[in-house]
Amino acid sequence: MDSNSNNIVQAKALGKQVPSPEGTLTILDDINLSIKQGESLAVIGVSGSGKSTLLGLLAGLDIPTSGKVVLNGTILNDLDEDGRAQIRNQSVGFVFQSFHLLPGLTALENTALPLELAGSVQAEELAKQKLADVGLSERIHHYPNQLSGGEQQRVAIARAFASNPKILFADEPTGNLDQKTGQRIIDLLFNMNKDNGTTLVMVTHDDALASLCDRKIIMAGGRLTTD
Amino acid sequence: MNTFKYAFTGLKRDWYSGELRLIGISILIAVACLSSVSFFTDRVRRATEQQATELLAADLVLISSAKIKNEFIDSANRIGLIISLNESFRSVVVKDDQLELAEVKAVDSNYPIRGHLRTSDDLFSEEQINATVPAAGTAWVDSRLLQALQVTLGESINVGAAELIVDKILTYEPDRGGDLFNIAPRLLMNRADLDKTKLILPGSRIKYRLLLGGKSESIDLYRDQLKLDKNENVRVQGIKDARPEIKTALERAEQFLGLAALVSIALAGLAIAMSAQRFAVRHYDNCAIMRCLGLQQREISQIYFYQLMILGLICSLFGCAIGFFAQEGLNQMMIGMTQQSLPKPSWRPVFSGIFTGLITVLAFALPQLMRLRKISPLRVLRKDLTPLPLNNYVIYIVAIIALVLLSPWQSGDISLTIYTVLGLFLTAIVLAVSAKLIIKLLKQLQPKLKMTARYGLANVSRRSNQSVMQIMGIGIGVTVMLLLTLVRTDLLAGWQNRLPDDAPNYFLINIQPDQVEGIQNSLSISLNNDITLYPMIRGRLTKINDSNVSPDDYEDPRANRLAAREFNLSYADTMQDDNRIVAGEWWSKSENIENYFSVEEGIAETLGIKVGDNLSYSIAGQEIKGKVLNLRWVEWDSLNANFFVVSNTDALMSYPSTFISSLFIPDSKRSVLIDLIKQYPSITVFDIDAILKQVRAIMNQVVRTVEFVFIFTILTGIAVLFAALQSTHDERTHEAALMSALGASRKQIISGLIAEFMLLGIITGILSAIAASIIELALAEYVFKMDVVINPLLWLIAPLVCCLIIVATGLIGTRKVLASSPMLVLRKT
Ligand SMILES: Nc1ncnc2c1ncn2[C@@H]1O[C@H](COP(=O)(O)OP(=O)(O)OP(=O)(O)O)[C@@H](O)[C@H]1O
Ligand SMILES: [Mg+2]
C-alpha cells in the first residue's frame, strides 16, 4: 500500500483492442506499470509498437478495453469523458510532436487556455510568468503562424506547465525540430520538470534522449519488454 | 486507363465523404424546385389559354361586316369543327313608349362554343349557368336594358318588326369583354327570329361572326387553309387576347415563381461551389499520387468531368421526379382557382430540369475540380505544393453566365432576371466586404472578452476567409429568405390590398353633370362613404405632333384599333392614387395656361407618344390641342375607374361629358342601387362582381403557390449553410480534440461553438437585414411598382432568426466534431 501511494500513475493489466476488417486487433496487451511521483520515464520502441496508444491511455485521453489506469489516486475507468477532462485539466500537461497550438489565439491566450478552462482568475498573470520561464516574454502577443517551430514548442511547454500539473506527457516532443533546436527544447523540458517537481513521461525514438531519463521502458508489439 | 469506369467507382467511394452528397442534394433541390415551377407554369399557361378561349366563346372567331362566305363554313365543316353563327347590330328596342338603343345579338343553339351564359330571374340577384340560348320568340336582356325600358320579365318588347318576350336577365356572356363602357345594353335573341325583325337590310351595319371550336391541331389547320382577301374585311381572332386584369395577375404569378426558382438555383450553385472546393482540396493528394503513377492531366480532367456528369444526371432525374409530385400538389391547390383541373403536364420541364441540373453542376463545380489537373506530382514530396487558387473572376463569370443562360425560362423576363442575378452578386460582394471589415474591427475586442466569447471570436477571425464565405453564403440565403418573407408579406400584401374586401364591385355610368351632386349626396348618406365621380369625354386622336393619325399607320393590330376608335378622356388636377408617374411631371393647378395631357404608358408606347409631344383630339366636332406632360403607369387591376388619357381641368371642362364612378356595395345594401335607379333612371349600373371574384381567386392562389415554392428556397439556403460548415469541419474536429485534451469539458467546447455561431449569426443577420431592405425597396419601386414600408421588426427578427438557424444548423453540422476523441491529437499531425 505504501509503495502505491508514491505512485502518480499505475497501469494494471492494461489492454487495448480495436475492431478491424480482419477481426479484433490487439494494440496493447497486458501492460503493468507504475510511475513514481517526480520520476522521469522514457517510452521507446519501434514505430507501431503502441507507444502513443499507451500514452493516451495513461493520460486519460482514451479508455482501455481491459485493465485499469489509476492517475493521481483516481481510477480513470470510472470517469466519464467530462470527468477525465477535468483530471487532464488539473493534473496533466501535454507536449506534442506537432505543437498543437490553437492558431486563432496568441501565445499568451494559448498558454492561458488550460487555466481559463479551469476558471482561474489570474490566468493571464500565470501564463505570462510561464512564457517568461520559457524565454518568450517578448512574443506573448504573437500568433502561432508568426512563431518558428522551436518557439511554438516553447509556447506548448509553457502551456503544459501553466496549470502546475503533477505529470507531463510528451509524445516525441522533438520529432518535428532540427537537432539543435530539439536539444534546447529537451533542456528546457528537463529544467522545467525539475523546477516544478513534475513527473515526466516521454515517448521518444532518440536513445540519447531516453538515457537522460531516470528509467526507460521498451515496447514491442503492444507489450512491455523490460531490458 | 478506362477513365469512365474509374470515375464511376470513385463516385461510389466518395459518395460517403459528404461533399459529393451535398453537391448531389443541392442539384436535387434546385432541379426539384425548378421543375415543379416549370411543370406548374406550363400547365397554368395552358389553362390560361383555355380560359382565353372562353373569353372568345370559341377557339377561333371570324368577324366580318358582310355575310360570312359559305366557303369558310364549308371548310370548317370539312375539318370537323363545331360551328356557330351570330349577327350583332345596334337597334332601337321599344317597350310601350320607351325607346332604348341596344346592342342586339342573334345566336344559334351552338352559342357559346366555349364558356357559358349566365342569367338571373331578378335584378342583382343570384345568377345561374345556362346551357341553352333564348328560345325562338324570346329575348334575354341585361340589367341595363331592363332598367332603361322599365320592363319586367314575361312582358314583351319590340325589336324591329319582331315582338319578343323578355324571358331572363342576362348577367354574363363569355365574349362580351372589350370596353365595358362603350357598348350599349345587350339584347340576346334567337337567330330564328332574325328575319322577322326585318332589320337585315342592305346597308345596315351588321357584324357577322363565325365561331369555331375544335382541337388545337384542327384549329391550326383551319387557320392555315384560310385564304383571306385583303379587301374582304374579315378579322380573325385567336386565343391570344385574354382579359387584361387576369393576364397581369398570371404574369405576376409567373414572375414570382420564376424568381424563387432562379434564386434557388443560385443558392444551390453556391452550395455546390463550396462543396466542390473542399472536394478538390481533399483530392489533392490522391491526384498527386496518381500523377506520380503516370496518369495524364487529360485523364484526370476526364475522370472528374464524368463524375460530375453522372452525379448531375442522376440527381436531376430524381429532382424532376420530386418536382413532378410537388407540382401535383400545386395542381390540387389550383383546382380551387380555375374550378377545373389543369391540363396534363407536358414533358418539356423534364428536359429543362435535367439541362438545368447539368449546367448548374458543371458551372459551379467543374471550375473547382479542373484545378486538380494542375496538381504537381512533386506534391508527394512537398505537401505545400498546392495548385494556384482559381481566379475569382473566372468563378463569378462562369456562374453569371450559367444563371443568365438558365433564366429565360424562369421569369420569362430578361430584365427581371438580369436585375436578380446582378442583385445577387452585388449582395454577395457587399456582404463579403462588410463582413471582412466587421471581423477586423471585432478582432480588436478579442483580448477584452471572456473565454468562450474570445474563443468564438478567435475562430471567426482566424478563419476570416472561411467566415466571410460563410457569412456571404448564409447571408445570401437569409437575405433571400427574408426577401421572400417580405415579398410574401409586404409586397403580396400590398398587392392584395389593392383588392381589399371592399374593392369596387359596381360601376355607375352615364351620369349627367347635373346629377353629380345629387348622386354623391344620396350615396354618401346611404353608403356612409364619399364617392368620387370622374368626368368622361369621348374623343378621337387625330394628330400627334402635326402628323395625322390614321389606323393604317400602325402595323400592330392593337394600335390599329386604338387609332381608329373614339376613346374616353377625363380631366383632373390631381392624379388618382392608383396611378404613378413614369416620365415627366404632373401639372399644378395654377400653371394651366396651356392644355396638358397625361397618357397611360402602355398606350403611349403602342401609339408612339412621348413626353413633350403635341396631341390633337377631335371632341364633339371640335379640335383640341395639348402637350403631353407626363406618362402614367396605371394599376388596372385595382378595378377603379381609370383613363388612358387625362387632361388638366381647364382644357376639357367645357366639353360635353358624362360622369362615371366605381364603388363597393356590400350584398346587404344592394337595395341602395335599386333606389338610385328609381331616382335617376338614366344612369346605368354595371355589376363587376364576377370579374372581381376571378381576379381575387387568382391572387390568393398565387400567394399560396409562392409560399409553396418558398420551401425549396429555404432548403437550398440550408444546403449553403451545411456546405459552409463542411468546409471547416476538419479544423473544428481537430480543435475540439485539442481542447478536450487540454481539459475542456463538453459543455465548454459546445459553448465555444455556440459563441462562434452566434457571432456569425448576428453579423449575418444584420447584414442580411440591410441587404433585404435595400433590395425590397428597389423591387417595390422598379418591378412591382408599389409602396412598401420596411418593417422595423426586421432588425430584431433577422439577427435572431440568423442566430437560431446558424446555431441549430451549426450544431447539427458539427455534432461529429463533438464526438471526436481527444486521442486524435496523438494521431494526426
Ligand atoms: N483506432 C485504431 N484503429 C486501428 N488501429 C489502430 C488504432 N489506433 C492505433 N492503431 C494501431 O495500433 C498500433 C500502435 O499505434 P501507435 O500509434 O500507438 O504506435 P506508436 O508506437 O506510437 O508508433 P509511432 O512511433 O509510429 O508513432 C499501430 O499499428 C496502429 O496502426
Ligand atoms: Mg506515436
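This briefing walks through a predicted two-chain model, from the whole chains down to one residue. Chain A has 227 residues and chain B has 829. Residues are numbered from 1 along each chain as its sequence is written, and chains are lettered from A in the order in which they are written. Since the model is predicted, local features need pLDDT of at least 70 and side-chain atom pairs count only at pLDDT 80 or more, while totals for chains, interfaces and linings use all residues; side-chain values use heavy atoms, with hydrogens and water left out.

**The two chains overall**

- Chain A comes to eight helices and ten strands, and chain B has 25 helices and 22 strands. Helices here are DSSP runs of H or I with at least four residues, strands are runs of E with at least two, and both are numbered from the N terminus.
- In chain A, 54% of the residues count as buried; in chain B the figure is 55%. Buried means under 20% relative accessible area, exposed means over 50%, and partly exposed lies in between (1.4 Å probe, protein chains only).
- Take the contacts (heavy atoms within 4.5 Å) between residues at least 6 apart in sequence: in chain A, 70% of them join residues at least 24 apart.
- Chain A exposes about 9900 Å², with 46% supplied by carbon and sulfur atoms. Chain B has an accessible surface of about 37100 Å², and 58% of that belongs to carbon and sulfur. These areas come from the Shrake-Rupley method with a 1.4 Å probe; for residues, only the protein chains shown count as cover.

**Where the chains meet**

- Chain B puts 28 residues into the contact, and chain A puts in 28 residues too.
- Between them the chains bury about 2500 Å², 64% of it on carbon and sulfur atoms. Buried area is the accessible area (1.4 Å probe) that two parts lose on being put together, summed over both.
- The salt-bridge count between chain B and chain A is zero, where a salt bridge is a side-chain nitrogen of Lys or Arg within 4 Å of a carboxyl oxygen of Asp or Glu.

**A sheet in chain A**

- Six strands of chain A make an open sheet with mixed pairing, in the order β6-β7-β8-β3-β9-β10. Two strands pair if DSSP finds at least two bridges between them.
- The edges are β6 (92–95) and β10 (223–224) of chain A, each pairing on one side only.
- Strand β9 (residues 215–220) of chain A runs antiparallel to β10(A), joined by two bridges, and M219(A) stands opposite L224(A).
- Helix α6 (residues 149–162) of chain A packs on this sheet and touches β6 and β7 (167–171) of chain A; its direction makes about 175 degrees with that of β6(A). Axes are lines fitted to C-alpha atoms, for helices over the stretch in contact, with angles from 0 to 180 degrees between N-to-C directions.

**A strand run in chain B**

- Strands β13 (residues 534–544) and β18 (residues 614–619) of chain B pair antiparallel over four bridges; R540(B) sits opposite S618(B).
- β18(B) is also joined by six bridges to antiparallel β19 (residues 622–634) of chain B, with L615(B) opposite G626(B).
- β18(B) and β19(B) form a hairpin with two residues between them, and A620(B) in the turn has a positive phi of about 45 degrees.

**Close-up: E163(B)**

- E163(B) is in strand β8 (residues 162–172) of chain B and counts as exposed because its relative accessibility is 57%.
- Leaving aside neighbours within four places in sequence, E163(B) contacts G137(B), S156(B), I157(B) and N158(B).
- E163(B) and T197(B) are 34 residues apart in sequence and 8.1 Å apart in space, C-alpha to C-alpha.
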